[in-house]
Each structure stands twice: as C-alpha cells, then as structure tokens.
Amino acid sequence: MRGTLASREDTEAAVEGCVRIGCTLLFLQVSGRWDAWFPSGVFPAGQALPPAEGDNLEHAIRLAHARGIRVHAWVNALLAWSAPELPRDPSHVVRTHPGWFLTGPDGRSILQLTRAELERRRLEGWFLEPGIPAVRTQLRRFILDLVTRYDVDGVHLDYIRLPSAGWGFNAELRERYRAETGLDPRDLFARGEALAAERSAAWLEEERARWRAWHRDGVTTLVRLVAEDVGAVRPGIDLSAAVLADPRSARDDFGQDWAAWLREGTLDLAVPMVYRRSAQDVLRLLETIGRETGPEARIFAGISLEFLRPAEVVPIENLMGRTGADGLAIFSWDLLRQDRRTLEALAGG
C-alpha cells in the first residue's frame, strides 16, 4: 500500500515482511490518486505524506534488491481521487483540469457526483477520461520520470479501466466520434427509444456496441503508449497490471481488454483480482481465467485478505499451479501484518 512509503520504518518493515514469507516480487504503491509518494516533479505529493525524511522509494528498492526481491512501482492510472474531501494541493488534477474527467450520457461530469452518489452507483471515485490526449501525456510523463530515476523492475498499473461502460461522453470525444461515424454517441443513449423506432432495436444495440468498443480503445491506446515509453527508456523491465477477474466482463463492461494486452505482448504480467471467500472458489475462477487466456499468458493470482480466512491461503498457494497461474499476489501488506496467523502460515511457522 502507498502508506508503506510514508516512513522509513514502514518501508523497512514491508521489505522484511516480504523476506519472511519468501516473496520474490513486491508491488510497491507509489501513486494512489494522481499524487506521488516519492519526490516527483510531475504529480503533487500525497496528501498524507509526512515531511521528507529521505527518499523512501529509493531506500525500499535498494533493500529489496539486496534481498533478491524485484520491485514493481504500483500506479493507480485513471482513478484520480476518492477521498471524501477534495485535494488541498492547488496543483492536483481535480483542481487544475476538471475537464479531463469522465462525462456521463446526461452531460454531467463524474466530478459532479457526491461521495454518496458514487457509493450508490458502486463507483470507487472520480475517474479521468483515457481518450483525452492530455490525460495520457500527463500519466506518461509521471511514469517516465519514475522509471528513469528509479531502478524499479517494472511498472504496475491499477485502475487501468473505466468505472463502468456508461461513461465517455466528453465533448471532445463526441466530436471525434461524430467525425468518424456521423453519429453523436450521446444520442445512442439519450434518444435510444426514438432511434430504435426509426431504425431498429438491433441497429441500436449494434451501434452502442460499436461506440463502447471505440471508447474502450482509448484505454488500450494508453496501455500501449506506456508500454512503448517504458520499453524505450528501460528495455527489459516489466509492465504489469491489476485487472478484473473475468476477462470478458473486464473488456465489455469496464473497457479493460487485458487478455488482448497479454496476447499482443503489451502487458507482461496480469494480476486478476480473484477476490473470493474460499480457496475452492479462487481456484475455480483461476481455471476459468486459464481457459480464456491460454497457457502462454503470465498470470499471478491476486487474492485479498479482506475476503479469505488464513487457512484458505496456503492451499491456494500449493494448488494454483494446476490452474496455470504463475504466482500468488497477496493484497495487501497492511492487511497481512495485522493478520498474525496468515503471516505465520505463509512463513512456514
């Protein structure tokens, strides 16, 4: 978690915890809400980050490498804010570029939704529009600054998706889509009943699917650009991503076509969030993912200690090889260090 970099003590404890359980890869969060938990010239400092006591990211990487642990810098890509109060820093994207955020078919920006409205709609927070070139450029600048200054072994993208398929009606995108297709995508939803009567229900569904695929390409383009950037300046380091567990739903409902990113080599490693409450359910879901992605895909099973009892973790670790998964990613260190039984079980003691 990003709080790991808040103090030298927490940083060192996280690395030692990885050593204790035999961890070989640490996903270390360096940006949670378009902020930075290390000295950055691109994103503002994390709001809860205390006064500097040295560069804890550099320290963490050095400690991890000395113990044979690889480090992927974990970046929340399109989730820009989620706290109840707005960011205090006037340079934060929420305050400087409100036009960069997603727009709904009713013309409302996602920024206009209150925290209560977000929760009712089961939205994690306020998301940026991946189809806006300036959004892509700023995120790429941040990642390039990160990988050129720090000896990380990879970049790990989280929230590299839409909050749902019902967004994307920013005026800039609508105009581009209308220029390409002759249709205003907002009409496909705002005037759906009338259009179905004029054309047909089948035509309407086909055009809606076409629009969603077009909007989804904005996320894919962003991932490809990040992969190209990272590969150009740091050849050989990985690009990984935390992804929704069902590849088809991820693609169709959230604009996250991660199975295709793996197939084309844009993504080196996917960490599907198989957040289930039993080892049996986790393993069953991993088998489904394996059938969808194929044997060549590099997959780490992402499990959450918010869901699983301690006794369920070790059986998953022991049996997941049968599903084709290549590793186990545990969310999170903050939860693990509070769970003595699971920590001892994974440490073999």
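I looked up E129 and found it buried (under 20% relative accessible area, with over 50% being exposed and values in between partly exposed, for a 1.4 Å probe and protein chains only), yet E129 has no salt bridge, and R136, the nearest side chain of opposite charge, is 6.7 Å away. A salt bridge here requires a side-chain nitrogen of Lys or Arg within 4 Å of a carboxyl oxygen of Asp or Glu. For charge, Lys and Arg count as positive and Asp and Glu as negative, while His and the chain ends are not counted.

I note that this is a predicted model, in which local features need pLDDT of at least 70 and side-chain atom pairs count only at pLDDT 80 or more, whereas totals for chains, interfaces and linings use all residues. Residues are numbered from 1 along each chain as its sequence is written, and side-chain values use heavy atoms, with hydrogens and water left out.

**Surroundings of E129**

I placed E129 in the loop between strand 4 (126-127) and helix 5 (133-149). Helices (H or I, at least four residues) and strands (E, at least two) are DSSP runs numbered from the N terminus. I then found a polar contact between the side chains of E129 and H215, at 3.0 Å. A polar contact is a pair of N or O atoms within 3.5 Å; within protein, one must be able to donate a hydrogen and the other to accept it, and residues adjacent in sequence count only if both atoms are side-chain atoms. Leaving aside neighbours within four places in sequence, I list W100, F101 and L102 among the residues in contact with E129 (heavy atoms within 4.5 Å).

**E198**

I found E198 in helix 8, residues 192-198. E198 counts as exposed because its relative accessibility is 52%. Its side chain makes a polar contact with that of R191, at 3.3 Å.

**Strand 2**

I checked strand 2 (residues 70-76): 6 of its 7 residues are buried, so the strand is largely enclosed by the rest of the structure. Strand 2 runs parallel to strand 1 (residues 25-31), joined by 6 bridges, and V71 is the bridge partner of L26. Strand 2 also runs parallel to strand 5 (residues 154-158), with 5 bridges; there, W74 stands opposite H156. Strands pair if DSSP finds at least two bridges between them.

**Cysteines**

I asked how many disulfides there are. The count is 0, a disulfide being a pair of cysteine sulfur atoms within 2.5 Å. The sulfur of C18 is 3.5 Å from its closest cysteine sulfur, in C23, which is too far for a bond. I recorded C18 as buried because its relative accessibility is 8%.
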